[in-house]
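Visitor: I would like to learn how to read the features of a model such as this one. Could we take them in turn?

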Amino acid sequence: MQALPTLKIGQHIARYPIIQGGMGVRISGARLAAAVANAGGIGVISAAALGLNSPYFDISERNVRKRREQFFEANRLALIDEIQLARRLSPDGILGINAMVAAQDYELLVRTAAEQGINLIISGAGLPLQLPELTADYPAVALVPIVSSTRAARIICRKWERQYGRLPDAFVVENPNSAGGHLGAKLEELGTEAAALEVVIPDMVAYVRQELQQPLPVIAAGGIWDRSDIDRALALGASGVQLGTRFIMTHECDADIRYKEFHLHAKPEDVVIVPSPVGMPGRALRNAFAEKAIANSPDLERRCLASCLHACKCRDNQQNFCIVQALDKAARGDIEGGLIFSGSNAGRADRIVSVGELMTELVTPI
Ligand SMILES: Cc1cc2nc3c(=O)[nH]c(=O)nc-3n(C[C@H](O)[C@H](O)[C@H](O)COP(=O)(O)O)c2cc1C
């Protein structure tokens, strides 16, 4: 096998075509992102609810309005801290943020990251139709939508071309059949061939080349584990890959050690689909919390913490559970009481390694 190609997104050229996927509520913070960037990949801080586990937020605040204001301000300040720390740890690396369109503070977080000199904004959980407007003053920031279908990419491109006279700098195509976290498909669509990378990547590549007529990279995400998966994605026409789950089992991953060890000891049958108040299914590991969530148990925490989403079944209909609290608990090590997002490959690692070691394994030809 040949050496891996570089990956050019906008003005930024990564030595290796490997993006570490943003993992929300402080699973991928500054430490993980900087380590990946230093190893020649693209490191991504997830901007989702970083303020929760930060000195700027006091969960005991009883006044709902005050707690909400404090939450959004804490997210902003914590994002600034993470970006500045990542930049100190990786002065020359390529660093991005992942921002979710579904979040109420999406616009604020995107603008904040651009002001802080982030190199890339990767954006999904909804269509990032307004993204160019939010970063208009920062042309060096590369903009990368996450899609699960060519149809979604086409809607974004039409709107961006018409309204802003530009196209995205790359696309992440996420396979809902294997990716971790919230999935860009309905429950009944999961497992269908139409959503598989083998179908969507060649279709996206044909769209980009023939209709857009631009050399825009298409990045494959979901279920990528080792070098053979990377080679397979590149053979389908992808220019790079995005990995989430595999980076959890690294020393530098920002989650509590108990979270990493839970992944390490998981078996393939522990990977489950959990309904989420966001309205999308989520892929996670079976634990006490996931079982309650699947059973829609009355014991679930249904108090809305901060009205963090535009549409939320927990806040609006008292259904499911409070997603940010569930993810935050798990990230801090409450591995039975929190929600542990994971891709379908959980349990394939046999030990926790450094990001450098993992990247060396991924880039070494087999
Ligand atoms: C714990 C966890 C949290 C995630 N959080 C986010 C997120 O906040 N935003 C997002 O767009 N994707 C999120 N993802 C998806 C990843 O960025 C990535 O695309 C996906 O995990 C790739 O599939 P893989 O885990 O099989 O490698 C998350 C995934 C995991 C495992």
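Visitor: Which residues are buried in helix α3 (residues 106–115)?

Guide: This is a predicted model, in which local features need pLDDT of at least 70 and side-chain atom pairs count only at pLDDT 80 or more, while totals for chains, interfaces and linings use all residues. Residues are numbered from 1 along each chain as its sequence is written. A residue is buried if 20 or more other C-beta atoms, placed from the backbone, lie within 10 Å of its own, and helices (H or I, at least four residues) and strands (E, at least two) are DSSP runs numbered from the N terminus. In α3, Tyr106, Leu109, Val110, Thr112, Ala113 and Ala114 are buried.

Visitor: What do the buried residues of α3 pack against?

Guide: Contact requires C-beta atoms, placed from the backbone, within 7 Å; the partners here are α2 (64–89), β5, β6 (120–124) and α4 (131–134). Just after α3, Gly117 takes a positive phi of about 85 degrees.

Visitor: At what angle do the axes of α1 and α2 cross?

Guide: Axes are lines fitted to C-alpha atoms, for helices over the stretch in contact, with angles from 0 to 180 degrees between N-to-C directions. Those of α1 (residues 30–38) and α2 cross at roughly 35 degrees and come within 8 Å. The contact is made by Ala30, Ala33 and Ala34 of α1, together with Glu82, Leu85, Ala86 and Leu89 of α2.

Visitor: Which residues does Phe171 touch?

Guide: In soluble globular proteins, nonpolar side chains tend to be buried together. Not counting residues up to four places away in sequence, Phe171 touches Val144, Pro145, Val147, Ala153, Met204, Leu216, Val218 and Ile219.

How values were computed: Two residues are in contact if their C-beta atoms, placed from the backbone, lie within 7 Å. A residue is buried if 20 or more other C-beta atoms lie within 10 Å of its own, exposed if 12 or fewer, and partly exposed in between; C-beta atoms are placed from the backbone.
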